[in-house]
Amino acid sequence: MTYRYNINDDEKTPFTRIGRVFIKAINNWRSTISQQIIDEEAPGTLHHQSFQQFKFLNKALLSPDGSKIEANICSMNDVEEAKAVLRLVPIWASCLVCTAVFSQLRTFFTKQGVTMNRSIGSHFEIPPAAFLFFSTLPIVIIIPIYDRILVPCARAITGKPSALWHNNASKNWSCTVSAVLYLYFARTYVYRRKRTF
């Protein structure tokens with residue numbers, strides 16, 4: 001026991017509780033759950049929409065032999081925890097794609113730095129990993145310009161507090177379109193440069 005966290009040996013870990021819900025739901029996949037069981041587990045406290053989502057996990061509330069022994073059934077809180085974890089899967093998957101893109105960016109800069117002549121003068125050579133600095137430098141420079149100059153000017157012209165964008169979706173689409181255009185111009189530049197050499 002520490003002053004920040006109290007460790008209770010009797011309490012099961014979240015991984016154990018959530019894993020148990022999935023195992024019990026798989027074991028009871030042929031069973032049907034009745035409204036009586038739901039009312040017994042959470043009388044009047046369970047939100048209907050939460051119960052309707054991921055209904056296959058509700059079968060973890062059943063016991064194959066009909067007993068009410070704690071070891072044989074999962075509680076409603078355990079089932080709701082498992083559903084909360086499943087709701088996070090789309091967010092996790094979208095973050096995984098972004099992470100893959102950013103890791104490619106870092107690898108590309110380092111690989112490109114290895115093949116370049118990095119020497120400054122006769123005694124100093126820039127390490128290849130230092131080229132990552134050049135990927136973050138434009139962001140550090142452009143964000144204050146955007147926030148302090150472009151947005152106030154756009155607010156003065158449009159008269160809207162959101163400046164250029166009607167909502168976040170239009171902002172995301174404009175960023176995506178500009179990124180595609182940048183990739184197209186970069187590809188065209190590299191292709192023409194290769195043809196000249």
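Predicted model: local features only at pLDDT ≥ 70, side-chain atom pairs only at ≥ 80, totals over all residues.
Helix H6 is followed by Gly159, whose phi is positive, near 75°. Residues are numbered from 1 along each chain as its sequence is written, and side-chain values rest on heavy atoms, with hydrogens and water left out.

H6 comprises 26 residues, 133-158; helices are DSSP runs of H or I with at least four residues, numbered from the N terminus. From first to last C-alpha, H6 reaches 36 Å, close to the expected 38 Å, the expectation being 1.5 Å times one less than the number of residues. A kink of about 40° is centred on Tyr146, the bend being the angle between axes fitted to the seven residues ending at a residue and the seven starting there. Within H6, Ser135, Val151 and Ala154 are buried (under 20% relative accessible area; exposed is over 50% and partly exposed in between, with a 1.4 Å probe and protein chains only). The cover over the buried residues of H6 includes helix H5 (89-115), with contact taken as heavy atoms within 4.5 Å.

Two aromatic pairs were counted, for Phe, Tyr and Trp (six-membered ring) with centres within 6.5 Å; planes under 30 degrees apart are stacked, over 60 edge-to-face and the rest tilted. The ring centres of Phe54 and Phe56 lie 6.4 Å apart with planes at 80°, so this pair is edge-to-face. Phe54 is partly exposed at 25% relative accessible area, and Phe56 is likewise partly exposed, at 47%. Phe54, located in the loop between helix H3 (48-52) and helix H4 (76-87), has a positive phi of about 55° although it is not a glycine.

Key:
Helix = DSSP H or I, 4+ residues; strand = E, 2+ residues; numbered from the N terminus.
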